Amino acid sequence: MHQMQDVGFRISALYRQQQMAIGILDLSTKEDLVETLRWYTENMNMPLYVITLQSRIDEADWQDEFPDVNFIIFKLPATTGEYINAFADECYATYFLVVRTDSVLVAFDGERLMHLMGEKNHPAIITPVMISSSLEILPTLRAPYIKGRQVDPASFTPTADADVEEDNLYPVMELGLYDRALFQRLRSYDTLISGEFYQAMDFGVRCFLLGHRIFTTRALAIQFPRRISVIEDRSLCDGVNRFYTKALSVRRIAGKNVVEKWKPYVDKELLNDEVKKKQVMLQKTDFFTLMKNWKAPESSE
């Protein structure tokens with residue numbers, strides 16, 4: 001549902017690219033959505049997209065109240081990654097920022113963020129510092145770690161140094177500032193993985209294995225007015241074998257990539273059709289090397 005604009009503008013938008021767009025995940029109350037949209041329309045001069053469900057929206061009312069906002073409407077609930085994939089397909093922007101209606105943007109240093117994204121080896125995603133309702137910085141830096149046969153990332157609190165960018169294994173809650181072209185070149189979120197934790201980790205690990213970074217900086221920060229913590233559901237989910245097959249099936253030995261099954265989590269079809277035919281040729285490092293060389297902050301959860 002596009003913002004109210006003439007057809008000529010819509011067509012011309014297809015042939016030019018905005019620098020940045022904002023996608024708002026409608027995941028809380030209607031009141032939160034109204035308040036969020038009012039704040040962003042007043043404070044952020046860039047295209048806005050709301051990703052929501054048909055059951056939560058009345059087209060006429062919302063278009064009348066927010067004529068400059070685009071709505072991406074799903075008939076049925078989907079994974080967060082699927083919402084973000086759709087947003088990336090619909091927005092014509094070089095970069096896009098993903099936020100939620102139950103959070104507030106409290107820091108956005110546009111000049112610094114655009115400088116970081118404009119560097120030659122820029123990150124695939126810049127993830128935000130997350131702040132609780134009690135104004136405490138949450139431990140949302142993730143570092144690669146294996147416990148038994150499962151990946152169980154360690155958690156750390158971002159540094160107080162505003163000039164430091166710290167590596168983050170994946171975007172917690174899939175929030176952050178994305179390079180749209182790179183996101184799509186890396187094949188976006190895997191919607192066959194049903195759990196948000198494994199879906200986010202799958203994309204994040206894929207970034208690092210293929211030679212790209214994800215990091216957190218205080219130039220971008222959000223607060224959760226009603227949360228004192230961020231709790232992830234790390235239980236196994238449908239599609240988890242897809243994550244393990246992509247993340248742990250390729251070992252780098254003596255400078256060469258070798259395919260080894262990571263039992264018991266193997267997706268045989270994915271291993272044969274994707275990993276052996278494509279990923280093994282493109283991967284720059286492996287998860288074990290990543291874990292060994294990861295520079296973790298001093299403060300841990």
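1. Arg251 lies over the face of Phe288, at 3.9 Å from the ring centre, and the charged end of Arg227 sits over the ring of Phe224, 5.3 Å from its centre. A charge sits over a ring here if NZ of Lys or CZ of Arg is within 6 Å of the ring centre and within 35 degrees of the ring normal.

2. This is a predicted model, in which local features need pLDDT of at least 70 and side-chain atom pairs count only at pLDDT 80 or more, while totals for chains, interfaces and linings use all residues. Residues are numbered from 1 along each chain as its sequence is written, and side-chain values use heavy atoms, with hydrogens and water left out.

3. The structure holds 21 aromatic pairs (rings of Phe, Tyr and Trp, the last by its six-membered ring, with centres within 6.5 Å; planes under 30 degrees apart are stacked, over 60 edge-to-face, the rest tilted). The rings of Phe87 and Phe96 have centres 5.1 Å apart and planes at 75 degrees, so this pair is edge-to-face.

4. Phe87 is buried, with a relative accessible area of 1%, and Phe96 is buried at 0% (buried is under 20% relative accessible area, exposed over 50%, partly exposed in between, with a 1.4 Å probe and protein chains only). The rings of Tyr170 and Phe197 also form an edge-to-face pair, because their centres are 5.8 Å apart and their planes at 80 degrees.

5. Ring pairs link Tyr49, Phe87, Phe96, Tyr178, Phe183, Tyr189 and Phe203 into a cluster.
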